[in-house]
Amino acid sequence: MPTTLITTPTFARHSARPWQILEDAGAGPLRPYEDVALPTAELIEYAAGADALIVGMDPITAEVMDAAPRLKVIAKHGVGVDTIDVAAARARAIPVVCAPGSNSRAVAEYTFGLLLSATRSLTASHTAVAAGGWPKLFGPELHGRTLGIVGFGRIGRLLAGYAHAFGMELLAHDPYVAEADIRAHGAEPVALDALLARADAVSLHTPPDPSGTPLLDRARLAAMKPGAILVNAARGGLVDERALADLLGSGHLGAAALDAFSTEPLPADHPLREAPRALLTSHMAACTPEANQAMGAMVAEDVIRVLAGEEPHHQAR
């Protein structure tokens, strides 16, 4: 009987359906549900008996795959597969599946919430009031401001719709999307450096470079419009976090709101913890009951398809 190793603590948290899909097919979990992710050493140990992996942010390397001689499929409980060595899986004939579109609305809504909060200092006001203060913190209206969207896939397009409703002007950079398609969604297609120079707020919705080089390094962050706001609910590797903290400290950037970091959980000595006007959240943009159910069901169904010798519906390339 096949077994499925589930390492993400959020799998099926808001719906029993994903569990039921696996159990009905006789591919139940290899370990009891726990509310923590597996450390790498334990992941390798458990993987030895797994026919399928359902993972979150765990790094799934060639070493992990080689420790799992029965492994037939790797499923990302989410969309981005940058934490999985897809090339190594392909070389071992192990399909990698994910759940495209399952959390797009959740992330887009959360991203716009980060933008609003950073612009109007909502969390700073809450912290001050809860501590007994009563500050009047000023911030600009979004109407008439320019939002630059880097990455114009499902999430970027939803975000564009929300920004339009607030009367924002839109710039978009995505070398993989036709300019006509970007214009059809009400945004002006521009090069990345032009977007950074013109936008009052920049939101990132693109995978990181496999080399680990930040898309927004110190030079690009410094080239952003003075007083601009940076929002990142995608991946931490997209931003030079030390440089970002420095530019917040100098006052060059107006604010930053981040839900993703190069190291998670955030280390105690991380420079952004002490940076002014930094809004930090715990990689929870996709955490809605609706997205959780959709993600779990999509990957569970594809796991069962592969274990049954069928082609998955949502294979990562």
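# Cores, a pocket and some backbone details

Modeller: In this predicted model, the largest nonpolar core has 29 residues, and those with the most contacts inside it are Val202, Leu204, Leu221, Met224, Leu230, Leu244 and Leu272.

Colleague: Which element supplies the largest share of this core?

Modeller: At least two residues of this core come from each of helix H9 (192–198), strand E8 (201–204), helix H11 (241–250) and strand E10. The largest share among the elements amounts to 5 residues, and the element that supplies it is H11.

Colleague: Which residues does Met224 touch, leaving aside those up to four places away in sequence?

Modeller: Met224 is listed with the residues that have the most contacts inside the largest nonpolar core. With residues up to four places away in sequence not counted, Met224 touches Leu196, Val202, Ile229, Leu230, His252 and Leu253.

Colleague: How many residues does the other core have?

Modeller: This other core lies apart from the largest one, and Ala118, Leu159, Ala160 and Ala201 are among its residues. Its residue count is 27.

Colleague: Which element gives the largest share of the lining of the second largest pocket?

Modeller: The second largest pocket holds about 280 Å³ of space, and its lining is made up of 18 residues, with Ala118, Ser121, Ala124, Ala255 and Arg277 nearest its centre. Two or more lining residues come from helix H5 (104–120), helix H6 (122–130), strand E10 (255–258) and strand E11 (278–280). The largest share is 3 residues, and the element that gives it is H5.

Colleague: How many charged residues does that lining have?

Modeller: Sorted by class, the lining of the second largest pocket has 10 nonpolar and 7 polar residues. The number of charged residues in it is 1.

Colleague: Is Ser102 buried or exposed?

Modeller: Ser102 lies in the loop between strand E4 (96–97) and H5, where it touches Val79, Ala291, Ala294, Met295 and Met298, not counting residues up to four places away in sequence. A polar atom of the Ser102 side chain also lies 2.7 Å from the backbone oxygen of Ala99. Because the relative accessibility of Ser102 is 12%, and the cut-off is under 20%, this residue counts as buried.

Colleague: Which residue's backbone oxygen does the side chain of Asn292 reach at 2.6 Å?

Modeller: Asn292 belongs to helix H12 (residues 289–307) and is buried, with a relative accessible area of 6%. Not counting residues up to four places away in sequence, Asn292 touches Thr10, Ala12, Arg13, His14, Ser15 and His77. The backbone oxygen that its side chain reaches at 2.6 Å is that of Thr10.

Colleague: What is omega for the cis peptide bond that joins Glu264 and Pro265?

Modeller: Pro265 is placed in the loop between E10 and E11. The bond joining Glu264 to Pro265 is a cis peptide bond, and its omega is about -5 degrees.

Colleague: Is Ala93 buried or exposed?

Modeller: Ala93 sits in the loop between helix H4 (86–91) and E4, and although it is not a glycine, it has a positive phi of about 60 degrees. Since its relative accessible area is 65%, and the cut-off is over 50%, Ala93 is exposed.

Colleague: What is the relative accessible area of His283?

Modeller: His283 lies in the loop between E11 and H12, and it has a positive phi of about 50 degrees although it is not a glycine. His283 is partly exposed, and its relative accessible area is 24%.

How values were computed: Residues numbered from 1 in each chain as written. Predicted model: local features only at pLDDT ≥ 70, side-chain atom pairs only at ≥ 80, totals over all residues. Heavy atoms only, no water. 1 Å grid on protein atoms, 1.4 Å probe; cavity = no way out; pocket = protein on both sides within 12 Å on 5 of 7 lines; lining within 4 Å. Points joined across faces, edges and corners; volume = space filled by probe spheres on them. Helix = DSSP H or I, 4+ residues; strand = E, 2+ residues; numbered from the N terminus. Nonpolar A, V, L, I, M, F, W, Y, C, P; charged D, E, K, R; others polar. Core = buried A, V, L, I, M, F, W, Y, C linked by side-chain atoms within 4.5 Å. Buried < 20%, exposed > 50% of the residue type's maximum accessible area, 1.4 Å probe, protein only. Contact = heavy atoms within 4.5 Å. Polar contact = N/O pair within 3.5 Å; in protein donor to acceptor, adjacent residues only side chain to side chain.
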